[in-house]
Amino acid sequence: MAKNKKIRTKIMLIFAAIVLLQAFLFMPVPYYLEMPGSAESISDYIKIDGKKDKQKGKYMLVYVSICQASPASFLASFFMPFTDRLSKSELLGDSNAKEYDMVQQYYMDDAVNEAQYVALKKAGKQVSRKYVGMYVMSVAKNSNFKNKLQIGDVVTAIDGKHYNSSQEFIKLISKYRSGKEITVTYLHNGKPKQAKGQTIMLDSVHRAGIGITLADRTEVSSPIKVYADMEGIGGPSAGLMMTLAIYQQVTGLNLRQGQKIAGTGTMNSDGSVGDIGGIDKKVVSSSKAGAKIFFAPNNPVSKAEKEYDKNAKTNYQEAVAAAKKIKTKMKIVPVRTFDDAVRYLEKNKIN
């Protein structure tokens, strides 16, 4: 009996050890790890008039990998270069994982729109851009429209009035008093709906609002059909590289000269390139993928950013620092506009 009891105790201890080991290795903790992801050919994702880009070389879409940490991976991350730890609130805010993914998908859809518009316009092709409405990015907990509007809905009118941008809406509604009843017209899964609620005082900006975060939703039309299958890849940072890929294919120019070219930066409708996060990780991924050059946004650090962080750097400076750290031969090229990137490719031979 005593022998059987010892055996049972030993088995229970082994089982407990296995459970604890599994928890250490796999149990999720409220932290996420941001690390270098992958650099892939944009031609794998984009077709123009049903055709892929067949010219030699690649424009590369570079993304950062984000995964939820376990106790083991969280501890290991302190010894992993170019890996940052983000709390759940830092990454998701008040959203859940599904809502976060929806917002990231909006950013990617918008990036494709802007890339298509700028590339076709610069190529002298027929293209138009139409404002559709305001995409709902988040709904505050104290908003009267909580559980009425959802992330992904598109606001088309307030009290029957249509706006030409989310900024125009914010400017006008800020003149309302707190507690004013309004009617919001919106699209939910493409179907028109309405919701009533009251304005609230937004403590963060000391003005009235309805407690939702908005972004402009646009549609681009052209006889040239650009199809982008970006499912599973979110965010706006591929804007510049998608614009270059579309531009080269529709013009037939051989800007990349058969080489692998990477980079990052959002694309605005005026052709300007916007800053992004995690550029150090994208430099690492691009270098590993064999890119010859890497385009990096080089916009001045704002006064507000300097006040928050006196050591704040431009995207380009961050990219250069990362390149030096990994001792890559890949050239880091600063850009502020799409035209900057095109001019560089036209004037410089890539070896």
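Visitor: Why is Glu219 called partly exposed?
Guide: Its relative accessible area is 42%. Buried means under 20%, exposed over 50%, and partly exposed lies in between (1.4 Å probe, protein chains only). So Glu219 is partly exposed. This is a predicted model, where local features need pLDDT of at least 70 and side-chain atom pairs pLDDT 80 or more, while totals for chains, interfaces and linings use all residues. Residues are numbered from 1 along each chain as its sequence is written, and side-chain values use heavy atoms, without hydrogens and water.

Visitor: What makes Glu219 and Lys130 a salt bridge?
Guide: Their closest N and O atoms are 3.9 Å apart. The term needs a side-chain nitrogen of Lys or Arg within 4 Å of a carboxyl oxygen of Asp or Glu. So the pair of Glu219 and Lys130 counts. Glu219 lies in strand β11 and Lys130 in strand β5, so the bridge ties together parts 89 residues apart in sequence. Strands are DSSP runs (E, at least two residues), numbered from the N terminus.

Visitor: Why is Lys130 called exposed?
Guide: Its relative accessibility is 52%. The cut-off is passed, so Lys130 is exposed.

Visitor: Is Lys281 buried or exposed, and how do you know?
Guide: Lys281 has 1% relative accessibility, so it counts as buried. Its side chain meets that of Asp84 in a salt bridge, 2.7 Å from N to O. Asp84 is partly exposed, at 35%. Salt bridges with shared partners join Glu34, Asp84, Asp280 and Lys281 into one network.

Notes
Helices (H or I, at least four residues) and strands (E, at least two) are DSSP runs, numbered from the N terminus.
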